[in-house]
Structure formats: structure tokens, C-alpha cells
Amino acid sequence: MSDSPPGLYPRLWQLVPRELGFLLLGVPTAVVGFAVTIPLFALGIGTLITFFIGLVSLIAALYVSRWFGTVELVRLEWAGRPAIVRPEWRPVRAAPGFLGWVKRMLGNGHYWLYLLHTTIVNFVVSLVTWVVALVWVVVGLGGISYWFWGRFPANDTDGWYLSRSIFWFFGIPSDGVDFEAWDSVCYFIAGIILLATLPFITHALTLVHQGIAAGMLGAFRSDALKHEVASLNESRGAAIAAEGHSLRRLERDIHDGPQQRLVRMQMDLSAADRQVEVDPGKARALIAEAMEQSRDALDELRALSRGFAPPILMDRGLVAALESAAMRSTVPARVVNQLPAGVELEQDVERNAYFVASEAMANAAKHADAAEVEVRVGVLAKGLDGNSLLEVVVTDNGRGGATELSGHGLAGLAERLRGLGGTLDIQSPQGGPTVVGARLPLTASVSSP
């Protein structure tokens with residue numbers, strides 16, 4: 001048997017109960033909103049000269065209208081209409097303090113549109129659609145049942161019958177016609193027509209509310225642009241902060257490690273130079289110690305360079321670099337490669353993904369008392385637009401309790417990813433395990449063989 005979806009008319013009938021409930025509940029909701037908001041708004045305008053009382057009443061009217069506008073959006077979703085994007089109530093850049101809050105309230109156009117919708121537009125539209133829907137249902141049901149209840153009320157129409165008017169209008173002879181019986185037929189036909197067209201009426205009336213709500217209660221197109229600009233500014237600030245943090249950390253590590261060893265080596269070589277002719281054996285020992293200091297300094301410099309862009313990352317890619325880092329880890333680590341065949345990663349994405357993974361492995365070895373670490377690399381679908389995310393998840397079985405503290409490693413990782421438009425998710429309950437998940441946007445396409 002075919003599982004094809006039902007046609008338009010059956011689908012409209014499926015929506016009738018919800019749409020009819022939405023329309024019939026529209027007037028009570030609109031009346032309450034009108035009755036609450038109008039006095040607050042009038043009191044606020046009338047006493048605005050006192051500043052405090054008028055301002056409080058006006059802002060209360062804006063908040064109340066916002067609530068009723070949100071109720072309207074929720075009711076539309078309940079009626080089966082697609083969700084309308086909500087406005088961004090808090091502006092991207094808001095001044096602090098009381099005056100900043102007042103300016104944010106009174107300067108937000110969404111509040112005033114919600115107020116207009118609650119006090120005038122929705123009240124009028126809901127009243128009209130409520131009358132139309134109610135009359136359509138009552139007349140339709142009354143028409144198909146007129147044959148039953150029409151015999152009980154007293155006939156006070158002075159001999160007027162609907163069927164007689166119809167006969168006269170179409171020029172049909174009416175001598176000897178039983179107009180009471182024909183009235184039942186006419187009312188029944190009218191009721192059938194009204195009920196048959198009820199799905200189209202309720203749907204059209206609901207669409208009217210949907211269109212008004214989309215124009216007055218939905219987010220502006222400029223809101224998305226402002227949000228994107230703010231996100232870009234935040235990402236740029238996070239990238240600058242992450243780079244600054246990395247440079248300060250590199251400076252500290254160089255100062256505490258290789259620089260101290262090089263100073264020690266210089267001192268040993270100076271001492272050896274003084275002992276060359278006096279005590280050659282002691283001079284050779286000092287030179288050997290200086291060579292040991294130079295090897296240690298070189299190893300530390302290599303270790304520091306691995307945290308940024310090791311040669312294997314440039315030559316063989318992310319997975320090979322992570323496997324090399326796992327082999328060097330003091331905690332047993334394994335890499336699970338879930339990247340699809342043919343994926344191409346940009347160098348910036350690979351470098352930052354490697355940095356996050358190696359830093360998470362180092363934290364697990366230093367702070368978590370972990371016995372094993374797993375690094376999983378894969379690609380996540382972001383949405384229907386085809387964009388994808390590179391996901392790097394580092395899991396250890398340590399004691400847990402890892403948190404983002406300002407100025408520390410995990411906070412630096414979060415800032416680094418935020419600067420690239422990525423995210424860092426940390427799940428580390430007390431007792432473990434700790435799961436550090438990084439997601440970075442991919443601009444290159446993911447292809448399969």
C-alpha cells in the first residue's frame with residue numbers, strides 16, 4: 001500500500017481543531033492584554049512629568065505587552081504555524097546602570113511594536129477573526145441540524161421563509177409548496193457549504209494572525225546583522241586575547257627554561273675558559289656540563305615549537321601529528337581517526353586543533369592523574385547548508401574537576417577557538433572522566449570517494 005501524504009484538504013481538516021481553538025481563544029487573550037496594557041500606558045503618559053511614576057508605568061506597559069506578544073507567538077506555534085524568530089531584547093552594546101537600562105527599554109523598537117500589537121492591532125484583528133470563525137461554525141452546525149431544532153421555536157416571522165425568498169429570487173412557482181420542509185433543506189445545504197469551507201476559513205484567518213505577528217513580533221533583519229557583527233568583534237577580541245596569552249606563555253616558558261640553561265651554559269663556558277691552562281681536567285668537565293645544558297635547552301626549544309606547528313603537522317597532516325604527540329605523552333594515549341576519506345583541512349584549522357588536543361593531553365598528564373587518554377577526530381554536519389565542523393574530543397579517566405579559570409590553560413583554549421568561530425565544551429565531573437571537545441568550522445568541502 002502507498003504511504004503517500006494526504007492531500008491539501010485532509011491536511012487542512014487536521015489543522016481545524018487547533019486553528020479553531022486559536023481563533024476562539026483570541027478574543028479573551030486580546031481583551032485581557034488590552035485591559036491591562038492600556039491603563040498602564042495611559043497612566044505612564046499622563047504622569048510622565050513626575051518622571052518616576054510615569055516611567056515605571058510606561059516600562060511596565062512595555063513589559064506586559066512583550067509578554068502578551070510572546071503569548072501570541074506561542075499560540076501560533078500551538079496552532080501549527082512555523083515558529084517566528086524572536087527579537088533580540090538585549091542590544092549588542094548596552095550602557096550599564098539604571099539610565100542604560102531605561103535607554104535600552106525605551107530605545108528598543110521591538111517593545112513599541114509589541115505595545116502597538118497588544119493595545120490596538122491584535123485586539124481589532126482578534127475580534128474580527130473571532131466573529132467570523134464563530135459565526136461560520138455556529139451557522140454551519142445550526143444549518144445541518146435545523147431539521148431537528150427548527151420545529152420547536154415559535155414561528156414569529158409573519159410567514160417569512162428562506163425557501164420562499166429563494167423561490168421568488170429564481171422565479172420558481174411556489175403554489176402549494178411546503179416551505180417549512182424546504183427551509184430544512186435550504187438550511188441543511190447552507191450548513192454543509194459552511195462546514196465544507198471551514199478549513200479554508202480557519203486557515204486563512206490564522207494566516208492573517210501569522211502575517212501580522214511576523215511583521216510586528218518577529219526579529220528585524222538588521223538584528224541578525226548586528227548579532228553577526230558583534231560575534232565577529234567578539235571573535236576578533238578573543239583571537240587577539242588568545243594570541244597575547246600564547247605569546248606571554250611562550251615568553252614565560254622560554255625565560256624559565258631554555259634561557260636559564262643558556263645562561264648556565266655561558267657561565268660554565270666562562271669558567272672553563274679560565275681553567276683551560278690552570279686545570280684542563282676541570283675545564284673539560286665544565287665543557288661537558290655546558291654541552292649537556294645546550295642539549296637540554298635544544299630539547300626544550302623543540303618541545304615549545306611542537307605546541308605551535310611541528311614539522312610532522314605540516315608534512316603529514318593532523319592525524320599523524322596527533323599520533324606522534326600521543327607516542328610522546330607520558331600517559332598512554334591513542335588516537336581514533338574518524339575523518340572521512342578525502343577531507344581537506346586548512347592549515348589554520350589543523351594547527352589549532354593540534355594545539356588544543358596536545359594541550360588537553362598535557363593537562364591530563366599533569367593535573368588529572370589519568371591512566372589513559374583517548375583523542376578522537378571526526379567531522380560533524382552542521383546543518384542543511386552543507387557546512388561542517390571539525391571535532392576533536394580528548395577523553396581521560398582522571399579525577400575530573402577541570403574548570404575554565406581566567407588566565408589558565410582551558411580558558412586560553414576557549415579564547416583561541418572563539419577567535420576562529422569555534423567552541424570548546426568541557427565536561428569534567430568530580431571523579432572523572434574529563435571530556436574536552438573542540439569544534440572548529442570547516443570552509444573546505446568534505447568529500448567521499
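This is a predicted model: local features need pLDDT of at least 70, side-chain atom pairs count only at pLDDT 80 or more; totals for chains, interfaces and linings use all residues.
Visitor: Why is L20 called buried?

Guide: The relative accessible area of L20 is 16%. Buried means under 20%, so L20 is called buried. This residue is found in helix α1, which spans residues 8-24.

Visitor: What is L20 in contact with, leaving aside its neighbours within four places in sequence?

Guide: L20 is in contact with A133, V137 and T202. Contact means heavy atoms within 4.5 Å. As for W130, the C-alpha atoms of L20 and W130 are separated by 9.1 Å, while the two residues are 110 residues apart along the chain.

Visitor: How do you know whether S65 is buried or exposed?

Guide: S65 has a relative accessible area of 0%. Since buried means under 20% and exposed over 50%, S65 is therefore buried. Its place is in helix α3. Not counting residues up to four places away in sequence, S65 touches T37, Y111, Y114, L115 and T118.

Visitor: How many cavities of 30 Å³ or more does the count come to?

Guide: The count comes to one cavity of 30 Å³ or more. The volume of the largest cavity is about 60 Å³.

Visitor: What makes up the lining of the largest cavity?

Guide: The largest cavity is lined by T29, A30, G33, F68, E72, H117, T118 and N122. At least two residues of this lining are supplied by each of α2 (26-46), α3 (52-78) and α5 (109-144).

Visitor: How do the residues of that lining divide into nonpolar, polar and charged?

Guide: The lining of the largest cavity has two nonpolar residues, five polar and one charged. Glu counts as charged, so E72 is the charged residue of the lining.

Visitor: Which residues in the largest nonpolar core touch the most other members?

Guide: Of the 35 residues in this core, L318, V375, V377, L390 and L424 touch the most other members. The elements α14 (318-328), α15 (347-367), β2 (373-381), β3 (388-396), α16 (409-419) and β5 (434-442) each supply at least two residues of the core. Its largest share, nine residues, comes from α15. Apart from this core lies another, of 24 residues, including L23, I59, L73 and Y111.

Visitor: Which residues does V375 touch, not counting those up to four places away in sequence?

Guide: V375 touches L322, R334, V335, V336, A357, M361, V392, V393 and V394. In soluble globular proteins, nonpolar side chains tend to be buried together.

Conventions. Residues are numbered from 1 along each chain as its sequence is written. Side-chain values use heavy atoms; hydrogens and water are left out. Helices (H or I, at least four residues) and strands (E, at least two) are DSSP runs, numbered from the N terminus. Buried means under 20% relative accessible area, exposed over 50%, partly exposed in between (1.4 Å probe, protein chains only). On a 1 Å grid over the protein atoms alone, a cavity is a set of points where a 1.4 Å probe fits but cannot get out, and a pocket is an open set with protein on both sides within 12 Å along at least five of seven lines; lining residues have an atom within 4 Å of a point. Grid points are joined across faces, edges and corners, and a volume is the space filled by probe spheres set on the points. A nonpolar core is a set of buried Ala, Val, Leu, Ile, Met, Phe, Trp, Tyr and Cys residues joined through side-chain atoms within 4.5 Å.
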